[in-house]
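The exercises below are to be worked through with the sequence and the coordinates at hand. Each task is followed by a solution that goes step by step.

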2 protein chains.
Amino acid sequence: MSNLDLEQLREKVDAVNLQILSLINERASIVQDIGQLKEKQGMEKFDPMRERHMLDLLKENNSGPLDQKTVDHIFKEIFKSALDMQEEDHRKALLV
Amino acid sequence: MSNLDLEQLREKVDAVNLQILSLINERASIVQDIGQLKEKQGMEKFDPMRERHMLDLLKENNSGPLDQKTVDHIFKEIFKSALDMQEEDHRKALLV
């Protein structure tokens with residue numbers, strides 16, 4: 001056990017962080033497309049049934065070590081951020 | 001524009017969600033290894049300098065559409081979950 005080990009593990013975490021960053025941005029971009037589609041169709045942006053479906057699918061596929069409560073919490077923040085971003089875009093569009 | 005488009009976009013989101021799930025679990029597992037290393041070395045688990053470094057690296061690499069405030073918020077939740085998990089493991093170990 002050495003500082004080298006710690007450094008190597010931290011490099012792994014940094015690499016995983018960047019992959020997560022890329023995916024949450026990719027996700028936000030797809031959600032923007034969904035938002036535009038829904039707006040054209042006059043549909044509500046927030047759909048609690050859809051959120052439940054996503055959380056169920058995550059539960060079925062969660063092999064840990066994070067427990068389900070934690071996974072749900074992180075994803076609810078991710079879901080919320082995508083919705084907030086759309087509201088902000090919408091607000092800016094109204095101000096133009 | 002049709003319900004098929006919406007369904008296809010939702011399938012993309014589901015696929016990205018599962019990739020994020022896999023990565024946050026992979027990350028938690030590496031952080032567990034780091035925690036064990038630090039415990040053996042008698043080091044503090046929470047390191048604000050390290051957290052700052054991770055957030056800086058994310059900022060340098062964030063190409064959007066999520067803004068930096070949102071990225072920071074999501075990652076702070078992810079950081080916290082990994083620390084909480086270790087504290088919970090430690091508490092359980094003390095109770096055995």
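**Exercise 1.** How are α2(A) and α3(A) oriented to each other?

*Solution.* The model is a predicted one, and the first step is to take the two axes, that of helix α2 (residues 48-61) of chain A and that of helix α3 (residues 68-95) of chain A, which come within 10 Å and cross at roughly 140°. The second step is to compare this angle with the cut-offs, by which angles over 145 degrees count as roughly antiparallel and 65 to 115 as roughly perpendicular, with the rest, once those under 35 are set aside as roughly parallel, being oblique. α2(A) and α3(A) are therefore oblique to each other. As for the hand, the crossing of α2(A) with α3(A) is right-handed.

**Exercise 2.** Determine which residues of α2(A) and α3(A) meet, and sort them by class.

*Solution.* On the side of α2(A), the residues are Glu51(A), Met54(A), Leu55(A), Leu58(A) and Lys59(A), and they meet Gln68(A), Val71(A), Asp72(A), Phe75(A), Lys76(A) and Phe79(A) of α3(A). Sorting the residues of this contact gives six nonpolar, one polar and four charged.

**Exercise 3.** Describe the crossing of α2(B) and α3(B) in the other chain.

*Solution.* In chain B, helix α2 (residues 48-61) and helix α3 (residues 68-95) have axes that come within 10 Å and cross at roughly 140°, and α2(B) and α3(B) are therefore oblique to each other. Their crossing is right-handed, and the contact of α2(B) with α3(B) is made up of six nonpolar, one polar and four charged residues.

**Exercise 4.** Is Asp14(A) buried or exposed?

*Solution.* Asp14(A) is located in helix α1 (residues 3-41) of chain A. Its relative accessibility is 12%, and because buried means under 20%, Asp14(A) counts as buried. Leaving aside residues up to four places away in sequence, Asp14(A) touches Arg50(B), His53(B), Met54(B) and Leu57(B).

How values were computed. Residues numbered from 1 in each chain as written. Chains lettered and ligands numbered in written order. Predicted model: local features only at pLDDT ≥ 70, side-chain atom pairs only at ≥ 80, totals over all residues. Heavy atoms only, no water. Axes fitted to C-alpha atoms, helices over the stretch in contact; angles between N-to-C directions. Helix = DSSP H or I, 4+ residues; strand = E, 2+ residues; numbered from the N terminus. Left-handed = near helix turned anticlockwise from the far one by under 90°. Nonpolar A, V, L, I, M, F, W, Y, C, P; charged D, E, K, R; others polar. Buried < 20%, exposed > 50% of the residue type's maximum accessible area, 1.4 Å probe, protein only. Contact = heavy atoms within 4.5 Å.
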